[in-house]
Amino acid sequence: MDHGSDCFAITPYGRGAGSSRVRVFEWLDRIGTDFAVGSYLSLPDAAPARLVRHPLSLARAELRLADVVRARPRRLLLHREASPLSRGWWERRLLSSAEFAVYDFDDALQWDRGEGGLVRRLAPKADKARTAVAHADRVIAGNSVLAEWARERHRDVVVIPSCVALRDYVPKGSYALHDPPRLGWIGSPHNEACLLLISEALQEVHRRTGARLTLVGTTTPTLGALESLIDRIAWSPDSQREALSAMDVGLMPLAPTAYSLGKCGYKLLQYAAAGLPAVATPLGVNSELLSELGMPAARDRDEWTAAILGLIDTSADGRARLGRAARETCGRRYSYDAWLPRWAAALELGPVSP
């Protein structure tokens, strides 16, 4: 971390992690202000099994947080959490040390009590989120659900959605169906289990049409019976650019949980950026996005089956009209260019232009 700057951005992951890339790095790439970025271990996630393999780096990361506190930044942006080991003390100290401090979050961290392992239960994200909101000068929430919760605890809350850059996606050039049809999903290993929620629908669509499923983001088989119809692609900026435009129908199922309510609908925006027709669970912000993008919603097995088959059975011209209109809407309402002035204003950076 370059300590020559008096503006700091703290994020728990490196640029390879979707949340940090979308909510921190992509914004900082677009402004002239020189921020020093601390991304803890610069790993794609903070899974305990990954952390224990880097004990010395872990210690150095904790010491760097102390350095930031001592530097007393003029401006500080904290995204999600400062440390996977913190129970709120780092968040409080960092935000309190800055002249002007902003806390940004894009998931329902306030309802994450640490399910999934001992380390997470010892340092639950919920405690950190509550502490961070209490000690920030301003809060940036990724959607209205998160903002509503934050406004019960803070008077200055700004909603800025997770955004996309259309140039990062190859727009679909042909809407003729592949043979067999190609369904698709993009995401990280920890949330691909959502596809099991629609396993019966996917298998029924496969039975009727032969459709296969492309997963972008993980190469390790975890989905049981679905694996027989899955092709996997490791995520990279290049694979993301090409893979989505090669799909026929994008998928975004969500579990009916409080945590899902806080999701920012980023997969839907990625599909739209590629001009890809998609189906999603209408939960939380997804309901609004589906309406804006003209995409079909599905709640149960029968609705998922019907929605996917409906897009497959639609003419190529019909899919093209849907996909291209969604891409246009995405660029106008959910691009970095559209939101950059408001993001810069939330950090009080002064006038900026796309």
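Helices (H or I, at least four residues) are DSSP runs, numbered from the N terminus. This is a predicted model, in which local features need pLDDT of at least 70, side-chain atom pairs count only at pLDDT 80 or more, and totals for chains, interfaces and linings use all residues. Residues are numbered from 1 along each chain as its sequence is written, and side-chain values use heavy atoms, with hydrogens and water left out.

**Cavity**

- The whole structure holds one cavity of 30 Å³ or more. A cavity is a set of points on a 1 Å grid over the protein atoms alone where a 1.4 Å probe fits but cannot get out.
- The largest cavity has a volume of about 60 Å³, counted as the space filled by probe spheres set on the points.
- Its lining has 10 residues, and Gly38, Ser39, Tyr40, Ala61 and Leu65 lie nearest the centre. Lining residues have an atom within 4 Å of a point.
- Helix 3 (residues 55-71) gives the largest share of that lining, three residues.
- By class, the lining has six nonpolar, three polar and one charged residues. Ala, Val, Leu, Ile, Met, Phe, Trp, Tyr, Cys and Pro count as nonpolar, Asp, Glu, Lys and Arg as charged, and the others, Gly among them, as polar.

**Helix packing**

- Helix 4 (residues 89-97) packs with helix 6 (residues 125-135) at an angle of about 15°, and their axes are 8 Å apart. Axes are lines fitted to C-alpha atoms over the stretch in contact, and angles run from 0 to 180 degrees between N-to-C directions.
- That makes the two helices roughly parallel, a term for angles under 35 degrees.
- Glu91, Arg92, Leu95 and Ser96 of helix 4 make the contact with Lys128, Thr131, Ala132 and His135 of helix 6. Contact means heavy atoms within 4.5 Å.

Key. Angles under 35 degrees count as roughly parallel, over 145 as roughly antiparallel, 65 to 115 as roughly perpendicular and the rest as oblique. On a 1 Å grid over the protein atoms alone, a cavity is a set of points where a 1.4 Å probe fits but cannot get out, and a pocket is an open set with protein on both sides within 12 Å along at least five of seven lines; lining residues have an atom within 4 Å of a point.
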